[in-house]
Amino acid sequence: MIEIHKLAKKFKVENPKKLSEQDKKDPRLQGRFFHSVREVSFTCQNGEVLGLLGPNGAGKTTTLRMLSTALQPDGGSINIGGADILKNPVEARKQIGFLSGGTGLYGRLSGRENIAYFGRLNGMSNDAIIKRTAELSERLDMDSFLDRRSETYSTGMKQKASIARSVIHSPKVVILDEPTTGLDIMATQTVLNFIRDLKRDNVPVIFSTHHLDEVSELCDRVTVIDKGITMFNDTFDAFKALDEESLHEAFLRSIGKSKQQTTEQ
Ligand SMILES: Nc1ncnc2c1ncn2[C@@H]1O[C@H](COP(=O)(O)OP(=O)(O)OP(=O)(O)O)[C@@H](O)[C@H]1O
């Protein structure tokens with residue numbers, strides 16, 4: 001189980017003049033600090049898929065980066081399987097599979113070599129790496145390109161190899177930042193099926209997305225954040241019940257905006 005409680009993160013603004021017009025008007029800008037995440041809480045049980053939703057700039061990536069131990073929170077707690085990961089981030093990292101926004105593949109290496117490199121970093125034996133890579137290659141439909149240099153990959157191929165790389169060590173929890181962004185319909189389905197497989201294996205999955213159809217297809221739970229604060233955190237059924245006819249309207253309601261208000265703006 002993953003449990004995060006009242007997570008907070010601020011960044012020092014080095015040059016306020018360089019902020020976007022939107023960020024300058026954002027209530028999260030206080031003096032020299034931008035409070036990207038102010039109070040985010042949610043839980044995800046084993047075998048559940050949680051969809052993290054929110055408008056652009058809401059704080060989803062910042063939240064997921066804290067959850068992955070890439071960023072240290074300023075406040076709040078993160079528990080995985082009952083253990084406080086902030087007390088021992090190095091140990092916790094071994095239990096987490098994290099797909100970040102950028103692919104981070106080494107272009108001169110093949111997909112297989114990239115994946116193996118991360119397997120070795122996680123202390124896996126060669127035999128274990130070979131076996132697990134074969135399994136992931138089948139699940140993510142990568143056989144046809146896995147031995148090519150990754151700099152020649154399409155967006156979809158890169159994303160599949162990056163996902164495989166992030167889960168080579170069979171992590172106990174999986175965190176995916178916008179895993180289907182930029183993918184075609186077939187690659188998207190492969191990734192969604194892969195998430196379904198993780199759920200079947202009882203692994204909790206948290207993923208951020210802007211696609212409500214994916215949420216409807218996959219998610220047991222939904223968390224919506226806006227301006228760094230959790231606005232909704234409940235089951236998918238409860239999210240849907242916000243507006244039985246339209247998930248878009250349900251989303252707008254969760255952040256306190258009805259369709260009418262949005263069209264008036
Ligand atoms: N290192 C940083 N320094 C200053 N501000 C930052 C930093 N990282 C993020 N922010 C700001 O924090 C806010 C939240 O960013 P974040 O990337 O977490 O949002 P998001 O919900 O993932 O957005 P999107 O849907 O557009 O990917 C944004 O306004 C962003 O400009």
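This short talk walks through a predicted model of a protein chain with a ligand, going from confidence to the ligand shell, then to helix packing and a few single residues.

Let me begin with confidence, since what we are looking at is a predicted model. The mean pLDDT of the protein chain is 93, and 97% of its residues reach 70 or more. Among the elements of the chain, strand E10, which covers residues 221-226, has the highest mean pLDDT, at 98, whereas helix H11, residues 259-264, has the lowest, at 54. Where pLDDT is low, the predicted coordinates should not be read in detail. For the complex, the predictor gives an ipTM of 0.96 together with a pTM of 0.92.

Now to the ligand. Which residues surround the ligand? If you follow along in the structure, you will find Phe11, Asp23, Phe34 and Ser36, then Gly54, Asn56, Gly57, Ala58 and Gly59, and finally Lys60, Thr61 and Thr62. Two or more residues of this shell are given by strand E3, residues 33-44, and likewise by helix H2, residues 60-67. The largest share comes from H2, with 3 residues.

Just after H2 comes Thr69, which takes a positive phi of about 75 degrees.

Next, the packing of helices. Two packed helices are described by the angle between their axes and the distance between the axes. Helix H4, residues 111-121, packs with helix H6, residues 155-167, at an angle of about 20 degrees, and their axes are 8 Å apart. Because angles under 35 degrees count as roughly parallel, H4 and H6 are described as roughly parallel to each other. The crossing in which H4 passes H6 is right-handed. H6 also packs with H7, here at an angle of about 15 degrees and with the axes 10 Å apart, so this pair, too, is roughly parallel. In this case, however, H6 passes H7 in a left-handed crossing.

Helix H7 runs over residues 185-200, and Asn193 lies in it. Is Asn193 buried or partly exposed? Asn193 counts as partly exposed, because it has 14 C-beta neighbours inside 10 Å, while a residue needs 20 or more to be called buried. Asn193 and Leu140 are 53 residues apart in sequence, yet from C-alpha to C-alpha they are 8.6 Å apart in space.

Finally, I would like to point out two residues with a positive phi. Lys6, found in strand E1, residues 2-12, has a phi near 50 degrees, which is a positive value in a residue other than glycine. Lys6 is partly exposed, with 14 other C-beta atoms within 10 Å. Ser170 is not a glycine either, and its phi is positive as well, at about 50 degrees. Where does Ser170 sit? Its place is in the loop between H6 and strand E8, the strand of residues 173-177. With 16 C-beta neighbours inside 10 Å, Ser170 counts as partly exposed.

Technical notes. Residues numbered from 1 in each chain as written. Predicted model: local features only at pLDDT ≥ 70, side-chain atom pairs only at ≥ 80, totals over all residues. pLDDT = per-residue confidence, 0-100. Helix = DSSP H or I, 4+ residues; strand = E, 2+ residues; numbered from the N terminus. Buried ≥ 20, exposed ≤ 12 C-beta atoms within 10 Å, placed from the backbone. Near = placed C-beta within 6 Å. Axes fitted to C-alpha atoms, helices over the stretch in contact; angles between N-to-C directions. Parallel < 35°, antiparallel > 145°, perpendicular 65-115°, else oblique. Left-handed = near helix turned anticlockwise from the far one by under 90°.
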